[in-house]
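Here is my notebook, opened for a reader who is new to this molecule. I looked things up one at a time and wrote down what I found.

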Amino acid sequence: MKNAPLRIAQIAPLWTRIPPATYGGIELLLKLLVDELVVRGHDVTLFSSGDCVTSGRLHSTVESNLTDRITAGEMYMFEYYASSTMAEVQKAAGDFDIIHYHLSSAWLPLAATIPTPGLFTMHTSPHLDDEWVMRRWPGVAVAGISECQMHGASVKLGREFPIIYNGCDFEAYDPCYEPGKYLAFLGRLSPEKNPLGAIRIAKSVDMPIVLAGQPQNENERRYFHAEIEPLLDGKAVHWIGPVNHTQKNELLRNAAALLFPIQWEEPFGLVMIEAMACGTPVIAHRRGSVAEVVDDGITGFHAGVIDAMSELVPRALELDRRMVREHAMQRFGFRRMVDNYVNLYRALLGGGDQ
């Protein structure tokens, strides 16, 4: 039947619990996706770590998330746990109409051996190994999260990939419609995310900046200690560390704008729509998905060079923050993301639209 409930397996990465306590974009999206699918009457099983909380059926493949296990010295190599998860998926595959994988495409060849139709969402930018495996196993469906992310692979492989933008629960954010007195940066404290660029922009317009996030590996820690830490003074440049949802909401809603001066090809950038959910405009470096996510002059501005971002701050402060939120909600509300995934599931099963 065209609109019959589906039996869906969602295969989570194992790094962070669902929902995430602080950092965890994929895990946050999976929480929204699974819960909404259950609300719509679908039978959903989440393959993930045992410390996850979900309205679907939890199939635990490891006792707790791998970040906590690494910290406790209980494991080292991700591959053992991911391959074990794939083996459990294979054993249970007959219980599902479709299997939605959120692991990297390194596991795509194993999915190709499972007769149940599968879909991989590519959450990172495809590299040469991803392209090789997608060419080798073209029968497994792959979706992207932005046109920019998948453009290179599409050209090289001569294959179109469906694009489903990430979504946000706008009702979980408390907007503020008057611009605040500081600029915000939220993300990994890494050269790619470029908090140093954000600090320089804030200084150039004589506004304080509040940084949230943390370095996540040794290279990022070296960058933080060398480039960011010496600039922290608690006033003009203030770092608050990793933030939970409540802290994130307060940071973003009270900011004048979010700075997003990335130095890499960002596949999506969930923090941009989280800022918009608070009514806060985004000022971004036009790389990766930025031009697809930020509607220039409506939800923020983007510039082709980082040095030009400073000139956009006064213009961003003049934007209608209600319009920022309303426009972004129409494009990136999580129910629209779920609509698109359900339509894709049914298309893969030969059932057309929902």
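My entries below go from the whole chain down to single residues.

**Ground rules**

I am working with a predicted model, in which local features need pLDDT of at least 70, side-chain atom pairs count only at pLDDT 80 or more, and totals for chains, interfaces and linings use all residues. I number residues from 1 along each chain as its sequence is written, and my side-chain values use heavy atoms, with hydrogens and water left out.

**Whole chain**

I started with secondary structure and found 14 helices and 12 strands in the protein chain. Helices (H or I, at least four residues) and strands (E, at least two) are DSSP runs, numbered from the N terminus.

Next I looked up the radius of gyration, which is 21 Å, close to the 20 Å that the globule rule gives for 354 residues, so the chain is as compact as a globular protein of that length. That radius is taken over C-alpha atoms, and the globule rule is 2.2 Å times the number of residues to the power 0.38. The C-alpha atoms fill a box of roughly 60 × 45 × 40 Å along the principal axes.

I then checked burial: 53% of the 354 residues count as buried. Buried means under 20% relative accessible area, exposed over 50%, and partly exposed in between (1.4 Å probe, protein chains only). The accessible surface comes to about 15,600 Å², and carbon and sulfur atoms hold 53% of that surface. These areas come from the Shrake-Rupley method with a 1.4 Å probe; for residues, only the protein chains shown count as cover.

For contacts (heavy atoms within 4.5 Å), I noted that 64% of those with a separation of 6 or more are between residues 24 or more positions apart.

Where does H42 lie? I found H42 in the loop between α1 (25-39) and β2 (43-49). With a relative accessibility of 9%, H42 counts as buried. Its side chain reaches the backbone nitrogen of L6 at 3.0 Å. Beyond its neighbours within four places in sequence, H42 is in contact with several residues, including A4, P5, I8, V342 and R346.

I followed strand β2 on to S48, which is buried at 0% relative accessibility. Setting aside neighbours within four places, I found S48 in contact with residues including A12, L14, L58, S60 and V62.

**Salt bridges**

How many salt bridges are there? I counted 16, taking a salt bridge as a side-chain nitrogen of Lys or Arg within 4 Å of a carboxyl oxygen of Asp or Glu.

R57 and D43 form one of them, at 3.0 Å from N to O. R57 is in strand β3 (residues 57-62) and D43 in strand β2, so this pair ties together parts 14 residues apart in sequence. R57 is partly exposed at 48%, and D43 is partly exposed at 34%.

I also found K156 meeting E131 at 3.4 Å, N to O. K156 belongs to helix α6 (residues 147-157) and E131 to helix α5 (residues 128-136), so the pair ties together parts 25 residues apart. E131 is buried, at 7% relative accessible area.

In a further salt bridge, E274 and K248 have their closest N and O atoms 2.9 Å apart. Here E274 in helix α10 (residues 270-277) is linked to K248 in helix α9 (residues 245-253), 26 residues away. E274 is buried at 4%, and K248 is buried at 11%.

Shared partners also join E36, R40, R335 and D339 into one salt-bridge network.

**Helix α9**

I stayed with α9 and listed its buried residues: K248, N249, L251, L252 and R253. Their cover includes β7 (183-186), β8 (209-212), β10 (257-260), α10 and α13 (321-332).

**Cysteines**

How many disulfides does the structure hold? I found zero, with a disulfide being a pair of cysteine sulfur atoms within 2.5 Å. For C52, the nearest cysteine sulfur is that of C168, 20 Å away. C52 is buried, at 8% relative accessibility. For C168, the nearest is the sulfur of C278, at 8.1 Å. C168 is buried too, at 3%.

Terms used: Polar contact = N/O pair within 3.5 Å; in protein donor to acceptor, adjacent residues only side chain to side chain.
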